[in-house]
Amino acid sequence: MRLRNENLKTGKALAWIDPAGVRRSRVLLFLIEGADDIQALNEIETAGRSRIEERRYEGFAWYPIADPGQISLVDQRLYSADIRRFEAHEFRDLQQEQVSRLLSPLIDHVANGSVELLPRTGGAVGGPAEGIQFLNRTAELAELEDSLRKGMSFFLQAPRRMGKTSVMRRLESTLSEDFETLFLNLERNPRPEECAARLRSEVTKEGLHAARRAAKENAYQVLHDSVASLCERAGKPMVFFVDELVAALEAIKQEAKDESARRQRTVSFLAALGGPLKLYGARMVVAGSINWLDYLDSELGLKQQELPGQFADLSRRILKPLDLEDPECELRRLLLGSALVAEPEDIAWLCEHVDLTVPFPAVKFLDQVAGETKASGNVDVAELKLLLEEFLRTTDAFADFDEHLNKKSPSREATDAIGEALTAIAREPFEVGVSRERVNTALLHAGGKSAKKLDTWLRETFPVIIENNKARFASRLFRLWWLSQVGEASADE
Amino acid sequence: MDKIARLVEDHFPWGQPGYPPKPADPADRTAEAEKWIAGRLQIRSLDNVALALHARIQKIVDEVESTLPATERPRFFYRSDVSHLVKSPKSVLDKMVREWKPKDGAPKVGFDDFLEKMDDLVRFRIVLNFLSDVKDVCDKIEEPYKCKASERSRLTPAQQALMGEFRLDGNRLRNLIRALPAERRSAERCRKGVFFLPDSSVKIEVQIQTMLQEAWDKKDHFLIYERRRRGDRIDEHHSIEIYAMSELLYVADLTFDRLLDAIRHPRRKKK
């Protein structure tokens, strides 16, 4: 693995000049070093031409380039600052279809005037992946968008770090033209007063401090009135995104004196939020890693039909681990976006160890690889192995899982039992997994009655897939991380 | 019927395997032949082969430039012209016709072998500043093809890569700069080499010349070459003058080179 050689001068440019003459031109430049790159350049050109023809894009043209600094000599509307460089070598040894998969979205982004063209490792900051950093969930997004357009509301559930917030952000952006959208992160504003103040401030445009004073008096009324005002004044149908609902329910739990007060406040909170939404026909998307209905049932004995407003109508949607149609292609897109040139053996190794199912840790690891490559100029597979070992030992990219296991599991025994189950799954080869029976045996160590609940908690919190009576991890990297946590090496290494 | 139409009419292998059927309307036949030529040129991705050669030669140019004192490097390389890498179908027909005498029957370069026979079907140009720059770069390009196998270890990585990937016709670049007057067929001045991939017979012509030589070529192209190609009458005096301009600019190049040498070696000047 090495950094892209952007000092190469010769190549073929795919330039786009806005036919409307409004947007700034763009240039994708595929640099070559010699005869070994001819085939790759041919494939790139064929794939590019085919996409442009298929989509009937206008304004694209191919140019031979001998000096990128003089691109304006090709056409005065092209500027060297607008060139995005690649090496044809990065597309070498790929099938035509693979080249098309890599190149087509790039061409689409150029044609649509998008500023960003590819995800990059440097974009891994731990927050929701937005824009180009959002990895492929095309089919699920289309289905969720369709449901919302049809007027449905739902609870989006997935284990942590699977991209729920990113999906909501993407839906928010996709729907923003036809809908009024509002995003409420309850992990950030978990107390009803804070939540009410935040929405009041949205309505009145007064400062958050002033809104807090008003909300202090009667949080639920302020919350209700604010949601109602937002719905009423929205010129378009409304979609309300609520992230981490259970965080708010937990905050109520902390402050309530007794069970009855907690129950009453929980219902009041849900009524204040969901009542006006139902009244005004707004859609709602609620997301969380914990099944909120199980939570309400087990903690307060509340069933969904007893819940107020829109909450009674939420259907549950499970967001599965990122099912990348072509994981290698996604990986290559990330490498392309990060100017990392991988040799076939690097790609093979990365595909075996660093899937993007749980994107954040994988992207963070690749960012470390990029840093090391910048520092040393070249990183081979042996060094990749060492880097991964160090990463698994020291990274905080999985801290969220760790925190949930150690602080949010029902009991110490439960933590141990879950840990044992995770180890049992991890010890088996990634593709094979372990029998469900073996997992259940581990969970039973926490006490017979809670085993079923723990099984649910295990699947809701960690990237675990249950299929054909087998349990396996959805993420190779998570498996390796867990093995390193328990001091074991992967048996299938 | 013009000469191109006659060539297409009489010698394009209509309907044979790999060739289109003959259009009913004679007026469509030249266009159909041009379309077929365009397809043949595109299938072979000739421009990408030429770019690969350019990338290899560019490295050698960079190597020569890196041997110059830092103050001289910015003036060394002027530009590469890769804007017309592959001849247009119309130019291919023009060239076929130029070398064809109808009374002799089939053209020397035909539709079945133009890809292999035309030396300048694919070409690019590298323009340097001084005559000595052209010589230095050409020496470096020729060196791997001229040296013995036992001497190859002295070659630079760029030279080895060029020789490893491309063959040079005759193992040398033709010298149209220092050709004797009696040997000169035109006023054009440059170094010219024909390269090809080992597994391909398609040739790529590389021209290396000075800025003044390119300047002359650009003017000649407009004043004489294009007009002659269109069949316009060329005034004899224009031909004489344009030829003389090439000689004049050569003398200018020689003078510039002498001045360059003088500022590089001031002591020698004192002597």
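This is a predicted model: local features need pLDDT of at least 70, side-chain atom pairs count only at pLDDT 80 or more; totals for chains, interfaces and linings use all residues.
1. The contact between the chains. Chain A gives 17 residues to the contact and chain B gives 18 residues. On the side of chain A that touches chain B, strand E2 (11-16) and helix H1 (38-55) each supply at least two residues, and the largest share, three residues, comes from H1(A). By class, the residues on this side of chain A are seven nonpolar, five polar and five charged.

2. A pair of helices in chain A. Helix H3 (residues 138-149) of chain A packs against helix H4 (residues 164-175) of chain A at an angle of about 55°, and their axes are 11 Å apart. Because of that angle, H3(A) counts as oblique to H4(A), and the crossing of H3(A) past H4(A) is right-handed. On the H3(A) side, the residues that meet H4(A) are A:Leu141, A:Leu144, A:Glu145 and A:Leu148, while H4(A) brings A:Val167, A:Arg170, A:Leu171, A:Thr174 and A:Leu175. Sorted by class, this contact of H3(A) with H4(A) has six nonpolar residues, one polar residue and two charged residues. As background to the spacing of such residues, an α-helix has 3.6 residues a turn, so residues three or four places apart point the same way.

3. A helix with buried residues. In helix H8 (residues 245-255) of chain A, the buried residues are A:Leu245, A:Val246, A:Ala248, A:Leu249, A:Ala251 and A:Ile252. What do the buried residues of H8(A) pack against? Their partners in chain A are helix H5 (192-204), strand E8 (238-243), helix H9 (259-279), strand E9 and helix H10 (292-300).

4. A strand with two parallel partners. Strand E6 (residues 154-157) of chain A runs parallel to strand E9 (residues 283-288) of chain A, and four bridges join them; within E9(A), the residue opposite A:Gln157 is A:Gly288. E6(A) also pairs in the parallel sense with strand E10 (residues 315-318) of chain A, again over four bridges, and here A:Leu156 has A:Arg317 in E10(A) as its bridge partner.

5. An open sheet. Three strands of chain A form an open sheet in the order E12-E14-E13, and their pairing is antiparallel. Strand E12 (434-435) and strand E13 (464-467) of chain A stand at the edges with a single partner strand each, so one side of each has no neighbour in the sheet. E13(A) is joined to strand E14 (residues 470-473) of chain A by four bridges in the antiparallel sense, and A:Lys470 in E14(A) is the bridge partner of A:Glu467.

6. Two loop residues to look at. A:Asp93 is not a glycine, yet its phi is positive, at about 65°; A:Asp93 lies in the loop between strand E5 (83-87) and helix H2 (96-111) of chain A. Is A:Asp93 buried or exposed? A:Asp93 is exposed, because 12 other C-beta atoms lie within 10 Å and the cut-off for exposed is 12 or fewer. A:Lys205, likewise not a glycine, has a positive phi of about 65° and lies in the loop between H5 and helix H6 (208-217) of chain A. A:Lys205 counts as exposed because it has 8 C-beta neighbours inside 10 Å.

Notes:
Residues are numbered from 1 along each chain as its sequence is written. Chains are lettered from A and ligands numbered from 1 in the order in which they are written. Axes are lines fitted to C-alpha atoms, for helices over the stretch in contact, and angles run from 0 to 180 degrees between N-to-C directions. Angles under 35 degrees count as roughly parallel, over 145 as roughly antiparallel, 65 to 115 as roughly perpendicular and the rest as oblique. A crossing is left-handed if the near helix is turned anticlockwise from the far one by less than a right angle, and right-handed if clockwise. Two residues are in contact if their C-beta atoms, placed from the backbone, lie within 7 Å. Ala, Val, Leu, Ile, Met, Phe, Trp, Tyr, Cys and Pro count as nonpolar, Asp, Glu, Lys and Arg as charged, and the others, Gly among them, as polar. Two strands pair if DSSP finds at least two bridges between them. A residue is buried if 20 or more other C-beta atoms lie within 10 Å of its own, exposed if 12 or fewer, and partly exposed in between; C-beta atoms are placed from the backbone.
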